[in-house]
Structure formats: C-alpha cells, structure tokens
Amino acid sequence: MAVDLLLGLQWGDEGKGKIVDVLTANYDIIARFQGGPNAGHTLEFDGIKHVLRTIPSGIFHETATNVIGNGVVIDPVVFKKELDGLAQFNIDIKTKLIISRKAHLILPTHRLLDAASEASKGKAKIGSTLKGIGPTYMDKTGRNGIRVGDLELDNWKEKYRALTNKHEAMINFYNVDVQYDLEEMEAEFFEAVEVLKALQFIDSEEYLHQAQKSGKTILAEGAQGSLLDIDFGTYPFVTSSTTTAAGACTGLGVAPNKIKDVFGIFKAYTTRVGSGPFPTELFDEVGSEMARIGREFGAVTGRPRRCGWLDLVALKYTAQVNGVTQLMMMKGDVLSGFKTLKVCTAYKYKGEIISHFPYNIEPENIEPIYTDFKGWKEDLTKMSDPSQFPKELNDYIEFLEKELEIPIKIVSVGPDRIQTIHR
C-alpha cells in the first residue's frame with residue numbers, strides 16, 4: 001500500500017493541520033515526519049479551536065493511529081503540556097499515539113543555546129522561535145544527540161549530563177547575557193520525561209513497513225513549509241529540517257517508490273513569519289487588511305505574519321521540488337472584498353525577466369511582475385459547493401491550475417473543518 005504525503009508549499013502556516021484533520025477519515029495512520037514544537041497546526045471544529053505542536057493532526061479521530069516519526073524533534077516539556085490540553089477529550093493516548101525511538105529530544109540547554117546563538121547575531125538574527133530546534137538538529141547531525149530510545153537505557157542520564165555540560169560551555173562561549181536556572185528547568189524536564197516514557201515507543205520504520213504490507217492507508221504529515229527547507233528554502237532564513245517530500249522518506253523510513261499522492265497546501269495569498277526575503281510582501285493598507293481578516297498571527301508564537309500577494313514563481317518551484325499531484329488552496333475567503341487581486345507570475349532579476357526561482361531573492365535583486373485579477377465581494381464562508389463560487393474566484397483558480405499544471409482539488413473557505421469545499 002502506498003503512502004500519501006501532505007506538506008506546505010510556502011513559508012509555513014498554510015493550514016496543513018486543518019486538511020490533515022479533514023482527510024484523516026480516509027487513512028488508518030497519520031505520521032508526522034519532521035520539525036519540532038515551533039510549528040503549530042490549528043484545527044477548528046464544533047466551535048472549539050485546537051493547536052497541536054508535536055502530535056499529528058489526526059489525533060481527534062477515533063480510527064486513526066498517530067505516529068511521531070524519527071525526523072521529529074520532541075521537547076518533553078512542551079509535549080506534556082500538549083497532552084494535558086488533550087485530556088478533556090478522553091482520547092486513548094496510549095494506543096492512539098506512538099513514537100519513534102529514533103526521534104531526538106530537545107533538552108533545556110538546547111533552548112538556552114538557541115537564545116544565546118540568536119542574541120549573538122544582533123541585527124543579523126534569522127528570527128528563530130527559540131524553541132531549541134536548530135541546536136537539537138545540530139546535535140543530531142553532529143552525532144551528539146539523545147534519542148527517545150535512549151530513555152530505555154540505564155545510562156541515559158549520564159549521556160544527558162555529558163551533553164548539557166558541553167552545552168553550558170558553548171553558552172559561555174557566546175558571551176551574551178542569557179539568564180537561566182538550569183536546576184529549575186531540569187526538574188520540569190525530568191518530570192515530563194516520565195510522562196513521555198509512559199507512551200509506546202516503536203521502531204517506526206519497521207512499523208510503517210508492516211502497516212504497508214498489511215494494506216493500511218498512511219498519510220505523512222509535514223510541518224513548516226517548503227520555502228523553509230534546509231536545502232531548498234530561502235537559506236539561511238529557514239528551519240533545520242527537510243520540509244520537502246524527501247523529508248518524508250528520511251523522517252519515517254519510507255522508500256521513495258512507496259510515495260503515491262503528494263498533496264500541496266498553499267494560501268490564496270502569501271505569508272511569512274520572522275526574518276528573510278519576501279518578494280511580494282505588502283507594506284500598505286492592503287497587507288494590513290489581509291493580516292486582519294486572515295487573523296495572521298503565529299499559532300505557537302503569536303508573532304504577526306507578514307502578508308503579500310500570491311507568488312506563483314515560488315509556488316511553481318516548490319510544486320516541482322515536491323512532485324505535487326494535487327493542490328489545496330486555503331483561505332480563499334480572506335480575499336473577498338478586495339477590488340483587485342495580484343499574482344506574481346515572473347521576477348525581474350538583475351534586469352532580466354525570469355520565471356524560475358533563483359538562488360538569491362533579496363529585494364535588491366528581485367522585482368515581482370504581477371498579473372491583475374478582478375476581485376469578488378461575495379462571502380465565501382457560508383458556501384458548501386463549488387457551483388456557488390463567484391466567477392472571479394473561478395477565474396482565479398483556473399488561472400493557477402493552468403500555470404501550475406496541477407489540479408486544485410480543495411478550496412478552504414474558513415477555519416472550521418466543515419468549511420472545506422471539494423472540487
């Protein structure tokens with residue numbers, strides 16, 4: 001049985017959590033393959049809003065098993081709080097949530113290192129969420145990390161102490177003012193580790209292999225967005241993991257030839273959190289209005305998102321890198337009421353017109369070239385069928401499909417799971 005894959009095609013915050021929640025009824029297993037608790041997947045149903053940070057977005061469905069894959073980094077303290085938030089829903093966590101032994105742990109000193117590193121950069125900071133993600137992945141690739149499976153070993157605390165001693169020496173090296181009480185942080189950490197240890201640890205690559213052999217349906221869930229990929233994103237203003245389709249293979253142990261459909265999620269416009277280049281960013285009232293209507297604030301950090309028109313150059317690039325087979329357009333309702341809509345269809349790059357995504361998209365090199373579209377006034381949030389769409393929205397969608405050469409199968413017209421229209 002093949003594995004389907006769902007990921008974001010922009011700078012994150014596309015609405016992946018909602019779509020995973022909507023699609024989960026079609027799958028036996030939802031498997032998160034990368035990232036850490038700096039990502040927040042927001043789900044809304046029955047008038048309640050939920051933000052998941054590490055746990056896969058299928059957790060609210062009785063029939064789905066949720067797997068945290070080896071490519072994920074887990075902060076036990078954040079994870080415990082997430083579990084506490086789910087307690088009211090009477091979910092059988094011990095059977096519905098399983099964790100790869102090869103997933104890495106975020107230690108308290110990883111968060112301190114993150115803060116020290118970012119502080120040392122001054123104005124050149126990359127906009128880290130300071131959750132310890134980057135330092136944890138650095139320890140992973142540097143072969144120093146502590147993994148979930150280590151918690152089953154008698155000497156795991158010795159490994160922990162050796163690594164935290166190293167981290168404290170590195171924090172001192174940065175020579176910045178980072179105030180902390182490690183003893184207090186560790187008390188909370190070790191308490192959370194005991195909660196983590198009560199869950200089922202698995203060899204996830206073997207588990208998923210056997211699930212495929214037995215005919216189970218699997219959806220791999222990504223975090224962040226493709227333009228934040230460590231290789232193909234807007235480096236260095238990226239995250240520390242592989243957010244593209246390749247990350248599902250390395251983050252779960254799934255072979256490339258087992259990937260079937262790749263669902264690409266994008267907003268009808270573009271947003272970005274933190275630092276980094278953003279060619280179509282709007283600094284006027286239109287951008288402010290987009291942010292207000294779309295409630296563009298980070299689900300985890302609360303940071304305001306920068307807003308701009310849809311960048312088709314970037315979207316083609318990420319669709320190509322990921323091998324997207326189906327597109328899903330989010331927040332179409334946010335664009336209702338704008339008289340004119342713009343889509344960036346090419347860049348003026350160092351005096352030349354190009355339609356591909358170049359190595360450097362800093363503002364001194366890039367000027368977006370736009371195609372204008374007539375907007376629509378209709379409120380989309382009450383619509384339930386594509387036949388109700390205004391002509392202008394259909395024109396917008398059909399243009400994107402023609403340019404991207406990929407069908408747009410879902411249009412989201414609001415945050416609730418029922419505000420999802422299949423085409």
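By class, which residues make up the lining of the second largest pocket? Nine are nonpolar, three are polar and two are charged. Keep in mind that this is a predicted model.

**Stop 1: the pocket.** Select Gly 233, Thr 234, Tyr 235, Tyr 359 and Asn 360. Of the 14 lining residues, these lie nearest the centre of the second largest pocket. The space inside comes to about 270 Å³.

**Stop 2: helix 10.** Select residues 285–293. Colour Gly 287, Met 290 and Ala 291, which are buried. Now look down the axis of helix 10: the buried residues fall within an arc of 95°, so they line one face of the helix. Turn to the other side, where Glu 285 and Arg 292 are exposed. Next, show strand 13, residues 306–308, which is part of what covers the buried residues of helix 10.

**Stop 3: the ends of helix 10.** Go to the start and pick Asp 284. One of its side-chain oxygens comes to within 3.2 Å of the backbone nitrogen of Val 286. Then move past the helix to Arg 295, where phi is positive, near 50°.

**Stop 4: helix 5.** Select residues 133–141. Ile 133, Gly 134, Pro 135, Thr 136, Tyr 137 and Asp 139 are buried here.

**Last stop: after helix 5.** Pick Arg 143, which follows helix 5 and has a positive phi, near 65°.

Conventions
Residues are numbered from 1 along each chain as its sequence is written. This is a predicted model: local features need pLDDT of at least 70, side-chain atom pairs count only at pLDDT 80 or more; totals for chains, interfaces and linings use all residues. Side-chain values use heavy atoms; hydrogens and water are left out. On a 1 Å grid over the protein atoms alone, a cavity is a set of points where a 1.4 Å probe fits but cannot get out, and a pocket is an open set with protein on both sides within 12 Å along at least five of seven lines; lining residues have an atom within 4 Å of a point. Grid points are joined across faces, edges and corners, and a volume is the space filled by probe spheres set on the points. Ala, Val, Leu, Ile, Met, Phe, Trp, Tyr, Cys and Pro count as nonpolar, Asp, Glu, Lys and Arg as charged, and the others, Gly among them, as polar. Buried means under 20% relative accessible area, exposed over 50%, partly exposed in between (1.4 Å probe, protein chains only). Helices (H or I, at least four residues) and strands (E, at least two) are DSSP runs, numbered from the N terminus. The arc is that of the directions from the helix axis to the C-beta atoms. Contact means heavy atoms within 4.5 Å. A polar contact is a pair of N or O atoms within 3.5 Å; within protein, one must be able to donate a hydrogen and the other to accept it, and residues adjacent in sequence count only if both atoms are side-chain atoms.
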